[in-house]
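Reader: Please take me through the terms used for this model, setting each value against its cut-off.

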Amino acid sequence: MGLTSTTTTELEIAAVEPPSSATTADRRSRRSSYYPWLVFALTFALLLSDYMSRQVLSAVFPFLKADWALSDSQLASLTSIVALMVGLLTLPLSLLADRWGRVKSLVLMATLWSIATLLCAIASNYEQMLAARFLVGVGEAAYGSVGIAVVLGVFAPRVHSTLSGAFMAGGSFGSVVGVSLGGVIAVHLSWRWSFAAMAVLGLLLVALFRALVTERRLAEHAADQNVVTVGTTGGTIRVPVSSLFTNPAVWCAYLGGGLQMFTAAVLLAWTPSFFNRYYGMAPDKAGAIASVFVLLIGTGMIVCGIITDRVSRNNPAGKWSSAIAFCLISFLALGLGLRLDTGAPQLVLLGVGAFFAAGSSGPSAAMVASLTHPSVRSSALGTLTVANNVLGLALGPFVIGVLADHLGLLEALQLSPLVYLLAIVALVAGKRLYPAGLRKLSAQSAAAAA
């Protein structure tokens with residue numbers, strides 16, 4: 001009787017415990033799947049704020065030009081100073097974030113650019129505005145690289161192109177909101193309130209991010225458990241920082257990624273002025289129409305990232321081919337569209353060109369991530385951000401602004417798609433060097449582990 005009782009009890013325990021363990025595992029799995037998406041959502045929201053604060057300036061160009069009698073090159077300098085500071089400071093600040101802590105770095109950056117945007121609202125002349133925009137650039141410098149490193153760290157590599165494209169598309173979506181909302185606020189209130197609204201939103205998002213994202217939780221959900229998340233205790237496997245610059249394939253990804261942003265940056269900065277001058281639209285309507293094209297840029301980045309992950313699922317080198325194809329399509333569409341007369345055919349071709357204008361961004365980031373060790377991934381993506389800003393976001397709007405002063409805005413815009421040819425050359429070279437680049441990364445990782 002006692003044996004029967006004991007056996008029954010043991011059977012009951014055995015029958016109850018496995019479901020309990022399975023239930024616990026399921027709950028952990030659900031928590032694990034939820035938190036990475038929460039990290040993505042909050043980091044993406046701050047990126048929206050980043051570009052809203054950066055691009056709201058484009059919506060108020062006509063007001064600043066009228067109030068302060070500024071030239072096109074002066075207006076362009078207010079845009080390019082931000083991208084220039086991002087280009088100069090991204091790498092050193094990314095290196096610091098890899099050592100000091102990525103979450104703390106993101107919070108500090110977002111706080112700084114939000115306060116600097118508030119200073120833009122109270123600027124009384126061109127010099128003060130330039131100084132405030134300088135600080136916006138300092139605050140935004142490494143956000144993109146550190147933010148995407150945080151996101152990629154909690155997701156598997158098979159979705160890195162999609163996530164990179166979606167994350168970088170936040171720049172376009174933020175630009176859409178910044179340009180369209182900024183134009184409406186400027187018309188109905190004043191251009192100063194356009195800046196103030198972006199600043200307040202940024203500070204609110206900083207508080208939310210700080211409350212929900214921590215280094216400890218990032219470490220718990222890290223996709224690569226061989227590398228401890230920055231800011232946590234414990235040993236890490238690190239490769240030298242010099243590995244960021246000793247792989248020729250990575251250099252090609254940097255150059256191709258940066259050059260393909262040139263024309264996309266031109267569209268982001270000058271599309272509102274294009275519609276204002278050549279389609280005779282008021283500033284608020286020009287900003288609203290321009291925001292549609294900016295939205296196409298962002299949507300294209302996401303869709304192109306998804307396409308890239310699909311076509312390269314069984315062949316990682318397919319990421320290079322996708323990036324080349326996107327550059328070529330945009331080159332042809334914009335090159336032809338900008339030479340047509342105003343009207344529906346021009347708008348259709350400009351829309352196609354805008355959709356693919358920054359389509360190579362996701363593949364470029366995924367290629368850089370696949371060719372660099374996780375311990376220096378923020379710094380690697382920071383180097384890509386330097387290329388994006390120096391070769392694209394800073395150089396593009398400024399060069400077109402200077403050319404516009406001498407040739408006219410339309411004539412300057414017609415020259416911008418030619419830069420895609422340089423991007424294609426870099427990407428073709430990178431595709432050929434890619435296998436050797438993977439072997440070099442493997443050797444670097446083995447040496448670091450040893």
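Reader: What makes a residue a contact of Leu 340, leaving aside its neighbours within four places in sequence?

Author: Contact means heavy atoms within 4.5 Å. With neighbours within four places in sequence left aside, Leu 340 is in contact with Pro 345, Gln 346 and Leu 349. This is a predicted model, in which local features need pLDDT of at least 70 and side-chain atom pairs count only at pLDDT 80 or more, while totals for chains, interfaces and linings use all residues. Residues are numbered from 1 along each chain as its sequence is written, and side-chain values use heavy atoms, with hydrogens and water left out.

Reader: Where is the place of Leu 340, and why is Leu 340 called partly exposed?

Author: Leu 340 is in the loop between helix 12 (318-337) and helix 13 (344-357); helices are DSSP runs of H or I with at least four residues, strands are E runs of at least two, and both are numbered from the N terminus. With a 1.4 Å probe and protein chains only, buried means under 20% relative accessible area, exposed over 50%, and partly exposed in between. The relative accessible area of Leu 340 is 31%, so Leu 340 counts as partly exposed.

Reader: How do you know that Thr 117 is buried?

Author: Its relative accessible area is 0%, and therefore Thr 117 is classed as buried. Thr 117 lies in helix 4 (residues 102-121). Leaving aside neighbours within four places in sequence, Thr 117 is in contact with Ser 53, Val 136, Phe 195, Met 198 and Ala 199. Thr 117 and Ser 53 are 64 residues apart in sequence, yet 6.3 Å apart in space, C-alpha to C-alpha.

Reader: What makes a space a cavity, and how many of 30 Å³ or more does a search of the whole structure find?

Author: On a 1 Å grid over the protein atoms alone, a cavity is a set of points where a 1.4 Å probe fits but cannot get out, and lining residues have an atom within 4 Å of a point. Grid points are joined across faces, edges and corners, and a volume is the space filled by probe spheres set on the points. The search finds 5 cavities of 30 Å³ or more. About 320 Å³ lies in the largest cavity. Its lining has 26 residues, with Tyr 51, Gly 144, Met 168, Asn 388 and Leu 393 closest to the centre. Helix 15 gives the most to this lining, 5 residues.

Reader: How do the residues of the lining of the largest cavity divide?

Author: There are 15 nonpolar, 8 polar and 3 charged residues. Ala, Val, Leu, Ile, Met, Phe, Trp, Tyr, Cys and Pro count as nonpolar, Asp, Glu, Lys and Arg as charged, and the others, Gly among them, as polar.

Key. On a 1 Å grid over the protein atoms alone, a cavity is a set of points where a 1.4 Å probe fits but cannot get out, and a pocket is an open set with protein on both sides within 12 Å along at least five of seven lines; lining residues have an atom within 4 Å of a point.
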